[in-house]
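Work through the exercises below with the sequence and the model at hand. Each task is followed by its solution in steps.

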Amino acid sequence: MQQHFDEGALVAVMTTQPLDRALDYRAPEGGCLTGAFVEVPLGPRKVVGVVWGAGEGGYDLSKVRSVIRVLDAVPMRDEMREFLVRAADYTLTPLPAMLRLATRAPGLGDPPSMRKVYRPGDRHPDRMTEPRQRVLDTLAEYGGLSFTLKELAEQAGVSTGVIKGLVTQGAAAEEDSPRDTPYPRLDPERPGMTLADDQATAAASLRERLATGRYGTTLLRGVTGSGKTEVYLEAVAECLAQGRQALVLLPEIALTSEFLTRVQARFGAMPAEWHSGVTATERRRCWKMVGEGGAQLVVGARSALFLPYRDLGLVIVDEEHDTSYKQEDGVLYNARDMAVLRASICGAQVILASATPSLESWANVEAGKYQKLELTSRFGDAVMPEMRAIDMRSEDLPGAQWVSPTLREAVQQRIDRGEQALLFLNRRGYAPITLCRACGHQIGCDQCDARMVEHRFQKRLVCHQCGETKPIPTVCPNCEAEDRLAPVGPGVERLAEETTALFPDARVAVLSSDLFGSARAMKAQIEEIAQGGADIIIGTQLVAKGHNFPLLTLVGVIDADLGLQGSDLRAAERTFQLMRQVAGRAGRSEKPGLALLQTFQPEHPVIRAILAGDEDGFWQAEAAERKAAGVPPYGRMAGIVLSSTDVQEVFDLGTAMAHQDDPLRRIGAQVFGPAPAPIARIRGRHRVRLLVKADKAAPLQSALAAWVGQFKLAGQLRLSVDIDPQSF
Ligand code: ADP
Ligand code: ZN
């Protein structure tokens, strides 16, 4: 309950500072409510905090300081506070660190600032051009609304110069308005597409569940192109019609603009957007409007879960299996799981959409916790591509080349037919290894236990762990031999070089996240490719995630074995998902698709399962293995990473922790390690990892807290707990 505290009353304020509890203050003039965002003195500083409840008292109260002021923001709702507390408990994160995720509002509490907005003007432009006409049409259509320059330019599809020109001529008017205005209204009553039967059935089920106003999670499974997005937009429509807010989480910022366009087509306006690529001003508006109800729909990255929704009714996690939902630094949480927690607290529905669901979600369906809805065929006439292996052992391929004759011929066929081919290689840069042919030395990062990767477009070596770069040396840093350093292995840049040589007349485009200066540039290139602006697309992981290239009929996977190396128990699942996902890029329209997987081990069970397309069979086999090993999703795991600049220090503590494991034994949990972490050194800090494995029902968090609590972190030591680690 939101309680009011009168001036001078003792209140407990939770700040985002690294303290382990709330601090007592006196309520300011005018009093304050529970949940109020406040500014308080802390030592010599002023910090932001949230009124958590009544103060504790019971000590000398004469020294208690007063809240400086209550900030101009809707007080944090009880359900948000409950979410933060439970998320902190689950991830074993201190509450202040969790609270920080919920207070990431640029300029929180600052007075409203002004900005320029645009409305129809009263004159005619001297000369009418098509872009000008589009601007005027947009302004006329959305008459009552005032657009910012950027919004108007985007909505009308023109450059900002066109708008400025119209203003000069009085054909559009520019005026000041408060920055934080409500978003244009989305109209849930606008008719969507006519749904196919299985889509309609799924949509009806989702609408029904939303109508209950209660929590529930649905796994929406269907191959790429089966029309899942269309179905969940129906659920969004239902949610908006109820007057509640909806959130769509996407795994990759690069996908947002395509999705926003789709929302606009469906509901007639752009939704709010929340991710690291959004300007501070827009983020501020989003945060505020979500809290006040001026945003009906938010499309964003995982951190959008921490926005202060007034009434959240629906959360969609698109591509729910995607590993990027796991936040891997700072607070370690999986946005998919936190979405379910958030929704269960506020009575919202969750839709987990995927062509290749995670084993976790499968298990939850099996256990009866999630409902499952399936779309069994591709929408319209499109069919899932045929999948075939290319056995690299019998391909005649010279060294330092990666496109086999078989694949080359298939690509040539597409080019001849005016179709597109995608060559997939999940490796950024030119070559993963720079090797000295005189002494065998491989150039590594000075700060990390990682190789430096040559990026030829940048003309530098780059560490993919810490981002450090250095010039490509001509002399070996180890043996000082001159001109003996050579690139070894392929990256997308090198593959592009080979492809250009093989197909000199083809237009080759490379899609890799590091090759774009901005999201806008990436969007532009993706659109151009979709319209046929390239014959061959070379791409990393980025292309696997949901872009729609209608002319694409062939996918060639350069190295299907890449993800199967190493000892990670999740490798099979990841490879299976990625290969199915990439293959799904082919044949999304009328033309049938083909996926060719280059592999040295076509008889590997995972490769065979991928080729057979037998997802249920694969899942059952994987599930059986995980059950037998007692690992997630059939058991619980936590990873404890210790790091320090001093390697001895980390191993000593790791060893001590492995020995003093009584709290864990009491719940029947086991400790493995210490062992070097998957990346043993990052930014000069040595890292070791202990893995803890427990029964599904065991109270893992409390045991971990008791166990970790026995040790003091002296010197340079740092410890982080990762519940449900990505790799084990
Ligand atoms: P998914 O999300 O499963 O990949 P989408 O919802 O993106 O599938 O649908 C794939 C393609 O089919 C899109 O281009 C979409 O516009 C189209 N589509 C889906 N459902 C329909 C429908 N009922 N009527 C017409 N086109 C549809
Ligand atoms: Zn590095």
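Helices (H or I, at least four residues) and strands (E, at least two) are DSSP runs, numbered from the N terminus. The model is predicted: local features need pLDDT of at least 70 and side-chain atom pairs count only at pLDDT 80 or more, while totals for chains, interfaces and linings use all residues. Residues are numbered from 1 along each chain as its sequence is written, and chains are lettered from A and ligands numbered from 1 in the order in which they are written.

**Exercise 1. The annotated cysteines**

Task: State which residues the UniProt annotation "binding site" covers, and find where Cys 436 and Cys 479 are found.

Solution. 
Step 1. According to the unreviewed UniProt entry, the "binding site" annotation covers Cys 436, Cys 439, Cys 476 and Cys 479. UniProt positions are given in the numbering used here, feature names are shortened, and annotations may be inferred rather than shown by experiment.
Step 2. These residues span 44 residues in sequence, yet no two of their C-alpha atoms are more than 8.5 Å apart, so they gather at one spot.
Step 3. Cys 436 belongs to strand 19 (residues 433-436). Cys 479 sits in the loop between strand 22 (469-471) and strand 23 (485-488).
Step 4. Burial is decided by counting other C-beta atoms, placed from the backbone, within 10 Å of a residue's own: 20 or more is buried, 12 or fewer is exposed, and in between is partly exposed. Cys 436 is buried because 20 other C-beta atoms lie within 10 Å. Cys 479 is partly exposed because 13 do.
Step 5. Contact requires C-beta atoms, placed from the backbone, within 7 Å. Leaving out residues up to four places away in sequence, Cys 436 touches His 441, Cys 476, Asn 478, Cys 479, Ala 481, Arg 484 and Leu 485. With that same exclusion, the contacts of Cys 479 are Cys 436, Ala 438, Cys 439 and His 441.

**Exercise 2. The faces of helix 3**

Task: Which residues of helix 3 are buried, and which exposed residues does the face turned away from its buried side carry?

Solution. 
Step 1. Helix 3 (residues 130-141) has twelve residues. From its first C-alpha to its last it reaches 16 Å, close to the 16 Å expected at 1.5 Å a residue; the expected span is 1.5 Å times one less than the number of residues.
Step 2. Arg 132, Val 135, Thr 138 and Leu 139 are the buried residues of helix 3. Seen down the axis, they fall within an arc of 125°, so they line one face of the helix. The arc is that of the directions from the helix axis to the C-beta atoms.
Step 3. An α-helix has 3.6 residues a turn, so residues three or four places apart point the same way.
Step 4. On the face turned away from the buried side are the exposed residues Glu 130, Asp 137, Ala 140 and Glu 141.
Step 5. The packing partners of the buried residues of helix 3 are strand 8 (114-120), helix 4 (149-156), helix 5 (160-168) and strand 9 (172-178).

**Exercise 3. The shell around ligand 1**

Task: How many residues surround ligand 1, and which helix gives the most to its shell?

Solution. 
Step 1. The shell is made of residues whose C-beta atom, placed from the backbone, lies within 6 Å of the molecule. For ligand 1 there are 15, the closest being Met 193, Gly 227, Lys 228, Thr 229 and Glu 230.
Step 2. Helix 7 (residues 228-241) gives the most, with three residues.
Step 3. By class, the shell has four nonpolar, nine polar and two charged residues. Here Ala, Val, Leu, Ile, Met, Phe, Trp, Tyr, Cys and Pro count as nonpolar, Asp, Glu, Lys and Arg as charged, and the others, Gly among them, as polar.

**Exercise 4. Backbone exceptions**

Solution. 
Step 1. Most residues other than glycine have a negative phi, and most peptide bonds are trans.
Step 2. Pro 633 is in the loop between helix 18 and strand 28 (635-644).
Step 3. Pro 674 lies in strand 29 (residues 670-682).
Step 4. Glu 319 counts as buried because it has 26 C-beta neighbours inside 10 Å.
Step 5. With 20 C-beta neighbours inside 10 Å, Asp 724 counts as buried.

Notes. Two residues are in contact if their C-beta atoms, placed from the backbone, lie within 7 Å.
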